[in-house]
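Work through the following exercises with the coordinates open. Each task is followed by a solution in steps.

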Amino acid sequence: LLSGRETVDSSNMENEDSLRFRQQLLLIDENLMAEDVAALKFLCTDLLPFRKLESVKSAVDIFELLMAEEYLNEEDTFLLAELLYRIKCHSLLKKLGYTKEKVQECLHKKGRVSLYRQMLYELSENITNEMLKDIIFLLQNHLPKRHITLSALELLIVLEKQGLLTGDNVQMLEEVCMTVSPDLLEIINCYKRAKGESFRVYVLLRSLFCLYLFQVDQCEPLALDIYCYSQKKKTKNLRCLTSCSFTVNSMPSELIVLTLEILFFPLCLLQKMTSYKMDGPHRGFCLIINNVKFDKPLQERKGSCKDAGELERVFTWLGLDVETYTDLTSQQIKALMQNWRCLQDHKDRDCFICCILSHGESGAIYGKNGELVSIREIMSHFTAKQCPQLADKPKLFFIQACQGKEIQCPVYVEADARIPDLPCMQQSVSPSESIPEEADFLLGMATIDGYVSFRHVQQGAWYIQALCSKLQLLVPRGEDILSILTEVNEDVGRRADLLGTKKQMPQPAYTLRRKFIFPIPRDPPPS
């Protein structure tokens with residue numbers, strides 16, 4: 001009798017759990033908009049039968065399909081949490097017992113949405129209505145004759161249905177994005193690199209594991225070289241075992257970590273010795289001087305506020321304390337540098353960064369009053385002699401300004417240069433001549449000496465937007481600043497105006513003595 005009662009009680013508890021779980025799902029459904037349901041549906045495309053997804057009308061329909069395929073139940077709600085996280089419905093995560101931070105921690109182990117699907121969704125989120133119209137126009141011959149107005153997600157689904165878009169073939173998408181907006185192309189390039197690196201990591205880890213078992217005949221040369229070097233053994237002394245089946249998924253995580261620690265410890269130690277110290281209590285200060293409106297005859301720099309906002313978001317994400325100043329005269333710029341030079345708080349910081357957005361001439365930038373300030377003079381305030389608190393610490397300066405004569409531009413692209421009748425006030429100065437004759441400086445110029453730099457009046461400057469994009473992409477991968485600026489050069493060098501006649505090439509100059517590597521932030525990139 002007691003056993004029977006326990007069975008009934010257990011059954012009642014299960015029913016109550018199931019009821020509570022479904023009530024949670026209903027609450028989530030009530031808080032989702034139509035576009036959220038469309039996004040969930042799209043992200044589930046690789047997980048659920050497409051014919052069933054086509055009949056979906058609400059989030060509850062998706063939940064039912066996920067439960068039917070055993071992706072979702074009372075004990076395991078992570079897939080739904082991942083989906084809500086990816087469509088940025090973070091406030092609903094608490095209904096499943098998750099937080100945004102908890103989901104981020106678990107994604108690399110439990111995430112189910114493919115890199116390909118993530119890329120397409122991110123792309124759709126960045127396609128504006130105007131861009132969508134242009135894309136549909138370009139693809140008109142590939143779309144159904146009587147297609148109704150499509151959303152970005154619907155357009156991507158149509159391309160997938162017709163076999164024009166797959167995880168291994170994004171060529172058409174690349175061509176369209178290159179025409180409509182090169183910025184969109186970066187999302188695809190990021191996916192391609194991540195996909196390639198995932199395969200590379202798989203091969204390398206497999207090789208390392210084979211080495212762990214002394215299976216030389218299955219090793220990739222790179223892993224073999226690392227092993228032989230670190231262990232100071234010759235290949236012929238390694239014993240071969242021939243009976244081993246292996247996949248990364250079945251490899252114990254502890255063994256992966258142990259193997260990598262053993263094999264790569266000398267490399268990690270070497271990197272630490274050759275990099276600037278970036279583990280202090282505070283990362284550092286970042287100054288942003290954004291000159292937008294000028295006294296005549298200099299023109300307003302439309303679009304510069306977008307650049308300043310993007311720089312502030314990115315450097316805040318990287319852990320710096322950002323201070324932004326707008327429309328400063330030449331005297332105010334000099335006074336500001338003097339004040340920051342004397343700041344005692346630099347001693348507790350790892351680095352110093354200064355970004356200046358203005359009109360410019362060779363080796364100088366304009367204050368809002370139309371007077372030039374030498375870039376070398378600005379940087380010289382932070383030498384070890386002038387600012388001992390920053391001695392031996394990296395000091396980075398990024399300058400968005402023309403360094404030469406104005407050229408004729410399309411109406412929506414402006415040049416950050418003086419207008420033609422404003423007299424040039426100094427001779428040509430190269431970026432290397434602008435840097436103080438002292439170590440630990442980096443100067444990132446938007447353009448090479450003598451040339452203009454371009455700024456879109458709505459989307460911002462080519463250089464600043466590329467810089468922010470590459471920092472967000474490559475800092476999480478552990479890249480140093482010079483490698484990042486090389487990628488920035490490649491990005492900006494690929495851009496052109498609509499006619500394809502206006503180009504730009506940035507130029508970094510530096511006296512850094514070590515690698516400058518930002519610590520990887522815990523939070524995801526801001527955009």
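The model is predicted.

**Exercise 1.** Classify Asp46 by its relative accessibility, then find its salt-bridge partner and classify Arg117 too.

Step 1. Asp46 has a relative accessibility of 43% and therefore counts as partly exposed, since that class lies between the buried limit of 20% and the exposed limit of 50%.

Step 2. The side chain of Asp46 forms a salt bridge with that of Arg117, at 2.8 Å from N to O.

Step 3. Asp46 sits in the loop between helix H2 (34-43) and helix H3 (50-53), while Arg117 belongs to helix H7 (residues 115-126); the two are 71 residues apart, and the pair links distant parts of the chain.

Step 4. Arg117 has 1% relative accessibility, so this residue counts as buried.

**Exercise 2.** Locate the two ends of the salt bridge between Glu54 and Lys161 and state the exposure of each.

Step 1. The side chains of Glu54 and Lys161 meet at 3.1 Å, N to O.

Step 2. With 43% relative accessibility Glu54 is partly exposed, whereas Lys161, at 52%, is exposed.

**Exercise 3.** Which atom does the side chain of Asp29 reach?

Step 1. Asp29 is placed in helix H1 (residues 2-30).

Step 2. Asp29 is buried but has no salt bridge, and the nearest side chain of opposite charge, Arg22, is 12 Å away.

Step 3. The side chain of Asp29 reaches the backbone nitrogen of Val60 at 3.4 Å.

**Exercise 4.** Describe the lining of the largest cavity by class and by element.

Step 1. There are three cavities of 30 Å³ or more, and the largest has a volume of about 50 Å³.

Step 2. Helix H9 (152-161) and helix H10 (171-180) are the elements that give two or more residues to its lining.

Step 3. The lining has nine nonpolar, no polar and no charged residues, among them Ile127, Leu155 and Met172.

Conventions: Residues are numbered from 1 along each chain as its sequence is written. This is a predicted model: local features need pLDDT of at least 70, side-chain atom pairs count only at pLDDT 80 or more; totals for chains, interfaces and linings use all residues. Side-chain values use heavy atoms; hydrogens and water are left out. On a 1 Å grid over the protein atoms alone, a cavity is a set of points where a 1.4 Å probe fits but cannot get out, and a pocket is an open set with protein on both sides within 12 Å along at least five of seven lines; lining residues have an atom within 4 Å of a point. Grid points are joined across faces, edges and corners, and a volume is the space filled by probe spheres set on the points. Helices (H or I, at least four residues) and strands (E, at least two) are DSSP runs, numbered from the N terminus. Ala, Val, Leu, Ile, Met, Phe, Trp, Tyr, Cys and Pro count as nonpolar, Asp, Glu, Lys and Arg as charged, and the others, Gly among them, as polar. Buried means under 20% relative accessible area, exposed over 50%, partly exposed in between (1.4 Å probe, protein chains only). Lys and Arg count as positive and Asp and Glu as negative; His and the chain ends are not counted. A salt bridge is a side-chain nitrogen of Lys or Arg within 4 Å of a carboxyl oxygen of Asp or Glu. A polar contact is a pair of N or O atoms within 3.5 Å; within protein, one must be able to donate a hydrogen and the other to accept it, and residues adjacent in sequence count only if both atoms are side-chain atoms.
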